Amino acid sequence: MTNCAFEANGIANANINGRGASFTGEYGANGPTVRLCGCTFAGNVQTNTTASAGCGTAVYLEYLGRAYVDDCIFASNGAPHTVSASALPPYNPDTGTTYNEYGVGIYAKSCPLTVRGTCFVANRVRSVSTGDNTGGGVVRTEDIRYGKLAFTNCLWLANENIGGAAAVCIDSANQSGSPFVVTSDFVNCTFAYNLTDASSKIGGIYSEGCRVRILNSVFYGNRNGNGDAGTALYANGGADVI
């Protein structure tokens, strides 16, 4: 798909994945390939704020050989900016209900990603996780068993998560908790002013079970709910920062 616009798609149904676009193929490295080039995903939101929105508010990718995202813009997707953070609690203590939106820009399950020259600006995530940072992410990956993740010349600016990891959340652990052998490369990327409203969470990159390699990239002004600036990167699979 080239030079397409996916804008202002809002569905109240809580169980809809991919309000902007949804691509599902066949599991495995030989699965189909998706290419998005020069596309804009803006204002794709959850209209029912009393329930979980599902995954991939802008783009949902599942069981693909690889997805390529080049020179695209993801702006103001996810929880609506017209609703205050206090009115969008990620957890309701009265009912025990959690409201989760994973990957409001890109959600990729069993789908390696190559993302180049793409901007993620002012997207808003509402999610919660218990005891860790795995909830949320403007870009969220899960169950990546083959290939690798590669981000080059990308920008994450002024994204917000009401509850969990803000900009990027990589969860490569399988259901039994054993990590897969996956690497994620960030080259010439910038993470600036990404915020998580929760204390002790990560505003930049959270990686579970994946080795992260960062080259010539900038992290600036990323903060959590305590105002801590040291929340740019967490990688329990190790990190190489050059």
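Two rings of Phe, Tyr or Trp (its six-membered ring) form a pair if their centres lie within 6.5 Å. This tour of a predicted model begins with such pairs.

**First stop: the aromatic rings.** Select Phe6, Phe41, Phe74, Phe120, Phe151, Trp156, Phe186, Phe191 and Phe219, which ring pairs link into a cluster. By the rule above, the count of aromatic pairs comes to 13. Now keep Phe6 and Phe41 on display: their rings are stacked, at 4.6 Å centre to centre, with 5 degrees between the planes. Phe6 belongs to strand β1 (residues 5-7) and Phe41 to strand β5 (residues 40-42), so this pair ties together parts that are 35 residues apart in sequence. Both Phe6 and Phe41 are buried.

**Second stop: charges over rings.** Select Arg35 and Tyr68. Arg35 lies over the face of Tyr68, at 4.3 Å from the ring centre. Next, select Arg140 and Tyr102; here the charged end of Arg140 sits over the ring of Tyr102, 4.3 Å from the centre of that ring.

Select Asn222, in the loop between β28 (218-220) and β29 (233-235). Is Asn222 buried or exposed? Its relative accessible area is 2%, so Asn222 counts as buried.

How many disulfides does a search of the whole structure find? The search finds zero. To follow the reasoning, recall that a disulfide requires two cysteine sulfur atoms within 2.5 Å. Select Cys119 and Cys154. The closest cysteine sulfur to that of Cys119 is in Cys154, and because the distance is 7.8 Å, the two are too far apart for a bond. Cys154 is likewise in no disulfide; its nearest cysteine sulfur, that of Cys189, is 4.8 Å away.

**Last stop: an open sheet.** Select β17, β21 and β25, which form an open sheet of three strands in the order β17-β21-β25, with parallel pairing. Strands β17 (124-126) and β25 (195-196) stand at the edges with a single partner strand each, so one side of each is left without a neighbour in the sheet. In general, strands of a sheet pair through backbone hydrogen bonds, either parallel or antiparallel. Three bridges join β17 to strand β21 (residues 160-162). To finish, select Val125, which stands opposite Asn161 in β21.

Methods: Residues are numbered from 1 along each chain as its sequence is written. This is a predicted model: local features need pLDDT of at least 70, side-chain atom pairs count only at pLDDT 80 or more; totals for chains, interfaces and linings use all residues. Side-chain values use heavy atoms; hydrogens and water are left out. Rings of Phe, Tyr and Trp (its six-membered ring) pair if their centres lie within 6.5 Å; planes under 30 degrees apart count as stacked, over 60 as edge-to-face and the rest as tilted. Helices (H or I, at least four residues) and strands (E, at least two) are DSSP runs, numbered from the N terminus. Buried means under 20% relative accessible area, exposed over 50%, partly exposed in between (1.4 Å probe, protein chains only). A charge sits over a ring if NZ of Lys or CZ of Arg is within 6 Å of the ring centre and within 35 degrees of the ring normal. Two strands pair if DSSP finds at least two bridges between them.
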